[in-house]
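Biologist: Could you walk me through this one while I have it open? I'll jump around a bit.

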Amino acid sequence: MNLKSLTGIQNPDTNLDGAEQVHDQRIVIPDQFITGEDCINRKDQAWFITTQFPTDLIVQVQDITFNVHKYTLISKCGYIGRMELQSSTSTQGYDLKLENFPGGSETFEMVIKYCYGFPVDLNSSNVASLRCASEFLEMTEEFEDENLIYKTESFLTFVVLPSWKESLTVLRTCQSLSPWAENLQIVRRCCDSIARKLSRENITGDSDCEDGWWLNDLTTLRIDYFTRIITAVRAKGIKPEIIGQSIEHYARKWVPGIGMEPGLGKYTQDKNVLQVSIVSVRKDELGVGYNEEHKAIIESLLSILPPQREAVSCKFLLQMLKMARVCCASAALISELEKRIGMVLEDANVIDILIPNQTNNEHGNLPNTQEERTMHDIEVVQRLLEYYSLFEQQQQQHRNGNSNVCKLIDNYLAELARDPNFSITKFQTLAKSLSENARRCHDGLYRAIDTYLKTRPLLSEHDRRRLCKIMNCEKLSLDAGVHAAQNDRLPLRTIVQVLFSEQVKMRSAMQEKEKAPSSDNSVEDGNPLSTDREIKNLKEELQSVKTQMAGLQRDYSELQQEYEKLSNKQKNVAGWVFGWKKIKNSFQTRVDGDEPAQRRSSRLSSRVSLRDRLSMT
């Protein structure tokens, strides 16, 4: 390097426009660049150059002032030469103040060292800031060959961009250099370089695998840099499963609540206030800035999700939906996310769809309607079911996931049944959201109904019948039918329907058992002893089934007779009372009082008789 160009030697005999002769201003390279700790005034920190000649320029960057030689900077920085410098004798205490200098005072210190001829160690941690600073100060080759702009650009091109590690390091430093790093294309070049390397490598989406090394590296980047790299990688044909796993990995690190298993809520019988305990991030637990930061991350991640169904799991999508609602993300993004969840709803479980109710949470107001006071948001699940049904219609075929969704909704109803603010109307709406033929078995629905009745022992008979209408007794299993027949919480009409359906099932089972021996005769006698034993067991089972069948048939006949007697007596008593109510009011009162008592006693005796016979079988 030319020492003369670095030190900025000026001929002492040169006159400037007739001014008096300028003394020798040759700048001697200092032995060290020191900090004057004793010159700290208030919050300002002063920097000095130890030379034979006094400094003639004070530059302030952030809260630090640099005492330097003006000609040394002008010889390499076009920006300093263009500035009209103020006198340092002013009350401001500086000649030049550099506002919004890229890299701050630390980077400006390295620039000063370069101008004075000190060697500057370029590396991936400082090359981006020095490149931006040299652009700010206009350190082009017009003032010196291979000036700082040339040196930093060469380092970026030949050292940083070919290396994965160096490119990541530079990207991290660019986060504090906006908009300079963007305008100089440093960010774009590093992102494209990383994307090219990923497309050439044999990568996987498993961070624990040897080929998943890249996932942990990308999660250290800012969200906008991460989305740029993922977008570039998708354009190069990387599998959507790998893209989806990288997005999940990033979300687990930066979005609270992702990857956590939510707990179930605790209900109370107070219908105005619910004491809720859910392991999730509420909006009031997040600061405003913190919340906005996560909102930006969630919206960015949702915007780059691959459209393929297998790209991400349903569990992850539902966790993102919960956090998007907490952070008040874009309504359009939330709607698209719900549609996407509807496509893969059969892969969900009941814990995933327990979405906390956010109604009026952001304002701190008490909810008004009963639906708003429920612990979980039922409207969201209804929309998910609508999108699921719509997607099935578009596919024009029934998938195997139909039964999984039925079990999911039945388990969801059983969980919501414990909520005291969960109305029968909402229960019926959710239960009927799937087609009648979708449920092959109604055991899950019966369990949800029984939980609802158990939680509300004071529910009226009318409401009990309304609730049980949605259940098909013919689709109950044998165990569920036996339990329902002995369940005092069910209305009498439902118990009669259960007994009738069980009678039909027993008759069908008996007919199948009778056909079994005739079919066994066609089988060759391989083992006579084993065949005789099987026939004997079949006969015993058949006799047991006939006995149970006869007992259930008698119980059913007795209950049917009692039911007809109660219905006829109610009609006769109603007509008799209507005809004589003007003659003997007291007798009318006595008859009205006896009729419910007879009904209760008949109903109780019939249920006791039924329970005894079922326990004997």
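Biologist: Is Cys-327 buried or exposed?
Modeller: Cys-327 counts as buried because its relative accessibility is 2%, where buried means under 20% relative accessible area, exposed over 50% and partly exposed in between, with a 1.4 Å probe and protein chains only. This is a predicted model, in which local features need pLDDT of at least 70, side-chain atom pairs count only at pLDDT 80 or more, and totals for chains, interfaces and linings use all residues. Residues are numbered from 1 along each chain as its sequence is written, and side-chain values use heavy atoms, with hydrogens and water left out.

Biologist: Where is Cys-327 found?
Modeller: Cys-327 lies in the loop between helix 14 (314-326) and helix 15; helices (H or I, at least four residues) and strands (E, at least two) are DSSP runs, numbered from the N terminus. Cys-327 and Asn-291 are 6.1 Å apart in space, C-alpha to C-alpha, although 36 residues separate them in sequence.

Biologist: And how many disulfides does a search of the whole structure find?
Modeller: The search finds zero disulfides, a disulfide being a pair of cysteine sulfur atoms within 2.5 Å. For Cys-327, the nearest cysteine sulfur is that of Cys-328, 7.6 Å away.

Biologist: What about Cys-314, buried or exposed?
Modeller: Cys-314 counts as buried, because its relative accessibility is 3%.

Biologist: Moving on to helix 15, what is its reach from first C-alpha to last?
Modeller: Helix 15 (residues 331-343) has 13 residues and reaches 19 Å, close to the 18 Å expected at 1.5 Å a residue, the expected span being 1.5 Å times one less than the number of residues. Its buried residues are Ile-334, Leu-337, Glu-338, Arg-340, Ile-341 and Gly-342.

Biologist: Which residues are buried in helix 20?
Modeller: In helix 20 (residues 461-468), the buried residues are Asp-463, Arg-464, Leu-467 and Cys-468. Seen down the axis of helix 20, these buried residues fall within an arc of 130°, so they line one face of the helix; the arc is that of the directions from the helix axis to the C-beta atoms.

Biologist: Now the strands: in what sense do strand 3 and strand 4 pair?
Modeller: Strand 3 (residues 57-61) and strand 4 pair in the antiparallel sense over five bridges, and two strands are said to pair if DSSP finds at least two bridges between them. They form a hairpin with two residues between them, and Gln-62 in the turn has a positive phi of about 60°. Across the pairing, Val-59 stands opposite Phe-66 and Gln-60 stands opposite Thr-65.

Biologist: What stands opposite Val-59 in strand 5?
Modeller: That is Leu-96, and strand 3 and strand 5 (residues 96-98) pair in the parallel sense over three bridges.

Biologist: Why is strand 3 described as largely enclosed?
Modeller: Five of the five residues of strand 3 are buried, so strand 3 is largely enclosed by the rest of the structure. Both of its faces are covered, with Leu-57, Val-59 and Val-61 on one side and Ile-58 and Gln-60 on the other. Strand 4 (residues 64-68) is also largely enclosed, because five of its five residues are buried.

Biologist: Last, how much of the chain is buried?
Modeller: Buried residues make up 43% of the 617 residues in the chain, which has 24 helices and five strands. Among contacts (heavy atoms within 4.5 Å) with a separation of 6 or more, residues 24 or more positions apart account for 68%.
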